[in-house]
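Biologist: Before we discuss the terms used for this protein, may I ask you to display the sequence and the structure?

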Amino acid sequence: MAALQWDPIDNKAVDTARVLAADAVEKVGNGHPGTAMSLAPAAYLLFQRVMRRDPKDQHWLGRDRFVLSAGHSSLTQYVQLYLGGYGLELDDLKALRTWGSLTPGHPEYGHTDGVEITTGPLGQGLSSAVGFAYASRFERGLFDPDAAPGTSPFDHFVYVIASDGDLEEGITSEASSLAGHQELGNLVVFYDSNQISIEDDTNIAFTEDVKERYEAYHWHVQVVDWKKTGQYVEDVQELFDAIETAKAVSDRPSLIILKTIIGWPSPKKQNTGKIHGSALGADELRAVKEVLGFDPEQTFEVADEVLEHTRKAIERGADQRAQWQVGFDAWAEANPERKALLDRLLSGELPEGVAEALPVFEPGKDVSTRAASGKVLNALAPVVPELWGGSADLAESNNTTISDAASFVPAERSTHEWAGNPYGRVLHFGIREHAMAAILNGIVLHGPTRPFGGTFLIFSDYQRPALRLAALMNVPSIFVWTHDSVALGEDGPTHQPIEQLTTLRLIPNFTVVRPGDANEVAYAWLELLKRRGAPAGIALTRQNIPVFERGDGEASGDTFASAANVAKGAYVLAEAPNGTPDVIIIATGSEVQLAVDAREALKADGVNARVVSAPSLEWFEEQTDEYKESVLPASVTARVSVEAGRALGWLPYVGDKGRSVSIEHFGASADYKTLFQKFGITTDAVVAAAKETLAAQ
């Protein structure tokens, strides 16, 4: 067991952290001081004695990762980032929760140096931390699979601080079950069991035995009870010993249940809901400072010797970085091809030949876009080793399996259907859509690999909190959604998406891609992999749809445009027969074929229709005004949108005089052809809508 050096100056630094947390909340008038006060010893121990981190380089590959899942207690992290020299200063703590500050109410990735992930909704942080641990193992398999445990420059730990609220959220159960199943030995979670939430004593709603629950998940569980003697004793040595024990357990994730008193040592408000989410008040804050030996007349008081002591973390981090660099350089010299792979991944560049690897689907055949997606993934897999993924127990339906690749799972978890090893590429999330989305976010945040996860489009509703956070963080998680409309058929309205495409498009910074044929799928995947600035979901059909015969460039005459135009979001797939459109029909996904058929029917009636395929409205909005005008000229106000979902969202494209062929109600159980006919998703309906919009001009 490693020795812990803990001196009186460390106690003073911990007490300084408590007072800073209380002062910061008092100044702004709102926030969460209690947990930051009582967790100050644990957070200080982690940042100053346990974690391998370089305060001057938040992107260092060899760093331990830290996730504050209890994001409401942001001061737990902010104060340590200040004390440790990560870039925050005292004025930043004074500006807590105010406009433009580096210390928002919840930690935000990309906003504050040292913050690994945006943790707002409870449970998301811990669940994404499971993804961090997934990623560290997969990356080790890519770069250094043969190194002995603990000897690779890619070995490190993922530390998490979680709260009662995190443990109550259902997503945490899903992710924790997977973490135990995956034997993620480098994941160490501190559960701050203070048993207080906004409604005060958690016994009103939360009385399960968390220790037994996590042992059932195959976690290694320890209890550090600072209340066990009847008097509250913050035994830092006991906690340090528990951490060292957890680090030595390599075949299970670890949970350290730390029993604390929230708001310690507040004389009157400790152990109450009042100190969880509101300022102490002047009198109680004064009392806290008196108990701790601070001047009650001073605010944000930090002794010079305290800051001098805690900022030694910078020097320690530099030393740890230098020691790690020796091992990294030795690895790089011994593994030049793997070093080249790492360099490419860190640059964000795709390998040469990736476009050439895309399959080309022959026209004249009907292919579901989910099947096309599976073929694209398998064509890309040999060329793009950083690509890995799977589904929430829907591999055959989602077509998300990389053929002949091992499953990402300890070998002893293999089944007669799936052969696994710790470094496999095929992910199995079980029926855990919530956790899958959060884990994908964690994988992307951890490093430069490209994971994807599949389910039915309807179940994107289960994933929405993680989708929103991915968009908020600007991270390129990829979500695969099949069975993208009522055309999934007989499963009926519970499984048939109606509003999902619209509501997903409403998420800022989130991209929805709905390809119109198999070749659009191929180029959609290429564009998804090229982009690293935001998350995206690709929506795919269950039913077979036509593969269009195309040319190599833009649409002209009766020659359809190349599917490479998918990268522009929307493009002229088929030009009006005489080159000048009377009406423009905009369609996505399986409904593009209806627009194409309507173009022919309208031609027979002397109406010239342009067909625009719009796989991604978000990508289209990125284009220049000139390009958008070339696709949807303002002079043509007769327009029709065609999509088997809600019409909400199409008004900006069709205008007041336009029409939408859509579904404004729930579905039914029947074959998809019957459903499309009954619900008016037909060529005849598109033709009628085109004539209506022309008549409205």
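**Cavities, pockets and cores**

Modeller: The largest cavity holds about 60 Å³ of space. Please bear in mind that the model is a predicted one.

Biologist: What makes this space a cavity, and which residues line the largest cavity?

Modeller: A 1.4 Å probe fits in a cavity but cannot get out, and therefore the word is applied. The largest cavity is lined by Arg 344, Leu 345, Gly 348, Glu 349, Leu 350, Glu 386, Pro 448, Arg 450, Leu 529 and Arg 532. By class, this lining has four nonpolar, one polar and five charged residues.

Biologist: How many cavities of 30 Å³ or more are there?

Modeller: The count comes to three cavities. The second largest cavity has about 40 Å³ of space, and its lining consists of Leu 61, Arg 65, Ser 136, Glu 139, Phe 154, His 156 and His 446. Those residues divide into two nonpolar, three polar and two charged.

Biologist: Why is another kind of space called a pocket?

Modeller: A pocket is an open set of points, whereas the probe cannot get out of a cavity; the two words therefore differ. The largest pocket has about 870 Å³ of space. It is lined by 33 residues, and Arg 140, Pro 149, Gly 150, Asp 155 and Asn 186 are the closest to its centre. Helices H6 (124-143) and H13 (312-334) each contribute at least two residues to this lining.

Biologist: What is the volume of the second largest pocket, and which residues lie nearest its centre?

Modeller: The volume of the second largest pocket is about 490 Å³. Of its 27 lining residues, His 59, Tyr 109, Val 444, Leu 445 and Gly 447 lie nearest the centre. Helices H14 (336-347) and H17 (433-446) each supply at least two residues of that lining.

Biologist: Helix H13 includes Phe 328. Is Phe 328 buried or exposed, and how do you know?

Modeller: The relative accessible area of Phe 328 is 9%, and the cut-off for buried is under 20%; therefore Phe 328 is called buried.

Biologist: Which residues does Phe 328 touch, leaving out those up to four places away in sequence?

Modeller: Phe 328 touches Leu 61, Pro 153, Phe 154, Lys 339 and Leu 342.

Biologist: What makes strand S9 (residues 387-391) mostly covered?

Modeller: Five of the five residues of S9 are buried. On one side these are Leu 387, Gly 389 and Ser 391, and on the other Trp 388 and Gly 390.

Biologist: How do you know that S9 pairs with other strands?

Modeller: Pairing requires at least two bridges, and S9 has five with strand S13 (residues 450-456); these two strands therefore pair, in the parallel sense. With strand S12 (residues 426-428), S9 has three bridges, also in the parallel sense. Ser 391 has Gly 454 of S13 as its bridge partner, and Gly 390 has Leu 427 of S12.

Biologist: Which residues have the most contacts inside the largest nonpolar core?

Modeller: They are Leu 380 and Trp 525, in a core of 80 residues. Helix H20 (residues 518-530) provides the largest share of this core, eight residues. Another core, of 71 residues, lies apart from it and includes Ile 117, Tyr 217, Ile 257 and Leu 467.

Terms used
Residues numbered from 1 in each chain as written. Predicted model: local features only at pLDDT ≥ 70, side-chain atom pairs only at ≥ 80, totals over all residues. Heavy atoms only, no water. 1 Å grid on protein atoms, 1.4 Å probe; cavity = no way out; pocket = protein on both sides within 12 Å on 5 of 7 lines; lining within 4 Å. Points joined across faces, edges and corners; volume = space filled by probe spheres on them. Helix = DSSP H or I, 4+ residues; strand = E, 2+ residues; numbered from the N terminus. Buried < 20%, exposed > 50% of the residue type's maximum accessible area, 1.4 Å probe, protein only. Contact = heavy atoms within 4.5 Å. Core = buried A, V, L, I, M, F, W, Y, C linked by side-chain atoms within 4.5 Å. Nonpolar A, V, L, I, M, F, W, Y, C, P; charged D, E, K, R; others polar.
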